[in-house]
Protein chains: 2
Amino acid sequence: MKKVSMYEENSFKESGLSRLLVHDSPYFKILNFNFKAGQELPLHSHDIEGQVSIAVLEGKGEFLAAEGATLPAEPGDILISEIAEPHGLKAETDMRVLVTIAPPI
Amino acid sequence: MKKVSMYEENSFKESGLSRLLVHDSPYFKILNFNFKAGQELPLHSHDIEGQVSIAVLEGKGEFLAAEGATLPAEPGDILISEIAEPHGLKAETDMRVLVTIAPPI
């Protein structure tokens, strides 16, 4: 058992999203990404099996999907996507998100 | 790909924690539990392989662990536990938490 205080252990960077590896095990990989307003995780996909969830902890922006589609991303919103399906995020305000990948990449 | 707005789709109940099944797949199971102040997920464990993460979205309380141990649970805090290891949560204020189980129970 372990606890991670993401708000204390991760910060924001001017150069791009700030990435904290929270946990990595045979079961899942958990990351915290912090975005300054305007930063993004570009639309991407990996040709492997599994799913990823992206939960908004703080701030607002847009989830990015295939063919230019977007979905509002606000606190309490969670996106679930196949890893092989294009997904991304663009921050309008400073944002903190929790990313879980299973099985771990 | 799907999006769930947990703050809109789940509420609080006087009778006990309010449980929203966010997602269930062969890869992971994702739940949102809302607690009114004073409610708890009692210390429990299941004798199966896998891990569970519990992330605090809103509110504060305590993570519960074996032998009466507790850990502060505040926004941005995440607990990772073996499913077979005793874990739980007690809310001091109203709380919203995100629970991810892999592999799914």
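Lys36(B) is partly exposed in this predicted model, with a relative accessible area of 24%. Its partner is Glu14(B), and the two form a salt bridge whose closest N and O atoms are 3.6 Å apart. Glu14(B) lies in the loop between α1 (6-9) and β2 (18-24) of chain B, while Lys36(B) lies in the loop between β3 (29-35) and β4 (40-44), so the pair ties together parts that are 22 residues apart in sequence. Glu14(B) itself is exposed, at 70% relative accessible area.

A second bridge inside chain B joins Glu58(B) to Arg96(B), with the closest N and O atoms 3.0 Å apart. This one also links distant parts of the chain: Glu58(B) belongs to strand β5 (residues 51-58) and Arg96(B) to strand β10 (residues 95-102), and 38 residues separate them. Here Arg96(B) is buried, with a relative accessible area of 12%, whereas Glu58(B) is partly exposed at 34%. Over all chains, the count comes to six salt bridges.

Two of the salt bridges cross the interface of chain A and chain B. In one, Asp77(B) pairs with Lys3(A), the closest N and O atoms being 3.2 Å apart. Asp77(B) sits in strand β8 (residues 77-82) of chain B and Lys3(A) in strand β1 of chain A, so the pair joins two chains. Asp77(B) counts as buried, at 6% relative accessibility; the cut-off for buried is under 20%, so Lys3(A), at 25%, counts as partly exposed instead. Another bridge brings together the side chains of Lys3(B) and Asp77(A), again listed at 3.2 Å from N to O.

Asp77(B) has a further partner in chain A. A polar contact of 2.9 Å joins its side chain to that of Ser5(A). Ser5(A) is placed in strand β1 of chain A and counts as buried, at 9% relative accessibility. Leaving aside residues up to four places away in sequence, Ser5(A) touches Gly76(B) and Asp77(B).

Stepping back to the whole interface, the contact takes 39 residues from chain A and 39 residues from chain B. Between them the two chains bury about 3,200 Å², 67% of it on carbon and sulfur atoms. On the chain A side, Met1(A), Lys3(A) and Tyr27(A) lose the most area to chain B, together 25% of what that side buries. Polar contacts between the chains come to 20 residue pairs, counting pairs with both residues at pLDDT 80 or more. Several elements of chain A give two or more residues to the side that touches chain B, among them β1 (2-5), α1 (6-9), β2 (18-24) and β8 (77-82). The residues of that side divide into 24 nonpolar, ten polar and five charged.

Strand pairing also crosses between the chains. β8(A) and strand β1 (residues 2-5) of chain B pair in the antiparallel sense over four bridges. In this pairing, Leu79(A) stands opposite Lys3(B).

Within chain A, β6(A) is mostly covered, with four of its five residues buried. β6(A) has two antiparallel partners to consider. Four bridges join β6(A) to β7(A), and here Leu64(A) stands opposite Thr70(A). The hairpin of β6(A) and β7(A) has four residues between the strands, and in that hairpin Glu67(A) takes a positive phi near 60 degrees. Five bridges join β6(A) to strand β9 (residues 87-91), where Gly61(A) stands opposite Ala91(A).

Another hairpin in chain A is made by β2(A) and β3(A), with four residues between them. These strands pair in the antiparallel sense over six bridges, β3 covering residues 29-35. Leu21(A) stands opposite Leu31(A) in this pairing.

Finally, Thr93(A) lies in the loop between β9 and β10 of chain A. Thr93(A) is partly exposed, at 31% relative accessible area. Beyond residues up to four places away in sequence, Thr93(A) touches Phe35(A), Lys36(A), Ala37(A), Gly59(A) and Lys60(A).

Notes. Residues numbered from 1 in each chain as written. Chains lettered and ligands numbered in written order. Heavy atoms only, no water. Contact = heavy atoms within 4.5 Å. Buried area = accessible area lost by both parts, 1.4 Å probe. Salt bridge = Lys/Arg side-chain N within 4 Å of Asp/Glu carboxyl O. Polar contact = N/O pair within 3.5 Å; in protein donor to acceptor, adjacent residues only side chain to side chain. Nonpolar A, V, L, I, M, F, W, Y, C, P; charged D, E, K, R; others polar. Pairing = 2+ DSSP bridges. Buried < 20%, exposed > 50% of the residue type's maximum accessible area, 1.4 Å probe, protein only.
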